[in-house]
Amino acid sequence: MARMHTRRRGSSGSDRPAADEPPEWSDVDEEKIEARVVELAEQGHDPSVIGVKLRDEGVQGVPVPDVKLATGKKVTEILDENDAGEDLPEDLRHLLERAIRLREHMDEHPGDAQNKRSLQNTEAKVRRLVNYYRGDVLDEEFTYSYDTAKRLFE
């Protein structure tokens with residue numbers, strides 16, 4: 001499948017091995033995993049970073065290869081249950097931050113055509129994600145604009 005804003009195809013990556021239960025060498029209690037997830041979220045880490053830290057560092061020295069296999073819940077579900085989740089989804093938040101940076105760059109350098117196109121592509125992705133999340137995670141009246149994005153990150 002081609003990438004969204006180029007004529008090239010995406011690079012192939014490795015797939016996670018199919019597994020129905022966590023490995024025997026990683027027998028960490030579910031409550032300890034959930035407590036560690038909440039602790040990492042309170043330190044300001046994103047859900048994807050939390051998963052990587054649990055895989056690499058683990059809980060009390062024992063790695064957790066897959067949080068969902070170990071607990072039966074995704075990292076974001078654990079965060080929502082403990083009221084430690086973010087108000088915006090991670091992917092949308094990162095795209096909004098990128099759009100703000102690109103817009104500020106375009107204000108300083110109005111002749112930069114490559115970054116103008118990058119800003120247009122990023123804002124298109126943001127609008128598609130807003131339409132996807134509207135009603136479930138975002139308000140029904142939420143629409144993307146530079147001013148609303150700027151207000152969200154102040």
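In helix α2, which spans residues 47–56, Pro 47, Ile 50 and Leu 54 are buried (buried means under 20% relative accessible area, exposed over 50%, and partly exposed in between, with a 1.4 Å probe and protein chains only). These three sit on the same side of α2, because they cover an arc of only 50 degrees around the axis; the arc is that of the directions from the helix axis to the C-beta atoms. Helices here are DSSP runs of H or I with at least four residues, numbered from the N terminus. This is a predicted model, so local features need pLDDT of at least 70 and side-chain atom pairs count only at pLDDT 80 or more, while totals for chains, interfaces and linings use all residues. Residues are numbered from 1 along each chain as its sequence is written, and side-chain values use heavy atoms, with hydrogens and water left out.

The buried residues of α2 pack against α1 (30–42), α3 (67–71), α4 (75–81) and α5 (90–108), where contact means heavy atoms within 4.5 Å. After α2 comes Gly 58, with a positive phi near 80 degrees.

Next come the cores. A nonpolar core is a set of buried Ala, Val, Leu, Ile, Met, Phe, Trp, Tyr and Cys residues joined through side-chain atoms within 4.5 Å. The largest one has 15 residues, and Leu 92, Leu 96, Val 126, Val 130, Leu 138 and Tyr 144 touch the most other members. At least two residues of this core come from each of α5, α6 (113–133) and α7 (146–152), with α5 giving the most, 5 residues. Take Val 126: leaving aside neighbours within four places in sequence, it is in contact with Leu 92, Leu 95, Leu 96 and Tyr 144. Apart from this core lies another, of 14 residues, including Val 28, Val 37, Val 67 and Leu 79.

As for open space, the largest pocket holds about 540 Å³. On a 1 Å grid over the protein atoms alone, a pocket is an open set of points with protein on both sides within 12 Å along at least five of seven lines, a cavity is a set where a 1.4 Å probe fits but cannot get out, and lining residues have an atom within 4 Å of a point. Points are joined across faces, edges and corners, and a volume is the space filled by probe spheres set on them. Of the 18 residues lining the largest pocket, Arg 16, Pro 65, Asp 66, Val 67 and Lys 68 lie nearest its centre. Helix α2 provides the largest share of that lining, 5 residues.

The second largest pocket has about 310 Å³ of space. Its lining counts 13 residues, with Thr 76, Glu 86, Leu 88, Pro 89 and Glu 90 nearest the centre; α4 and α5 are the elements that give two or more residues to it.

Ala 41, His 45, Asp 46, Pro 47, Leu 79, Ala 84, Gly 85 and Glu 86 line it.

Gln 60, in the loop between α2 and α3, has a positive phi near 55 degrees and is exposed, with a relative accessible area of 67%. Asp 83, in the loop between α4 and α5, also has a positive phi near 55 degrees and is exposed at 73% relative accessible area.
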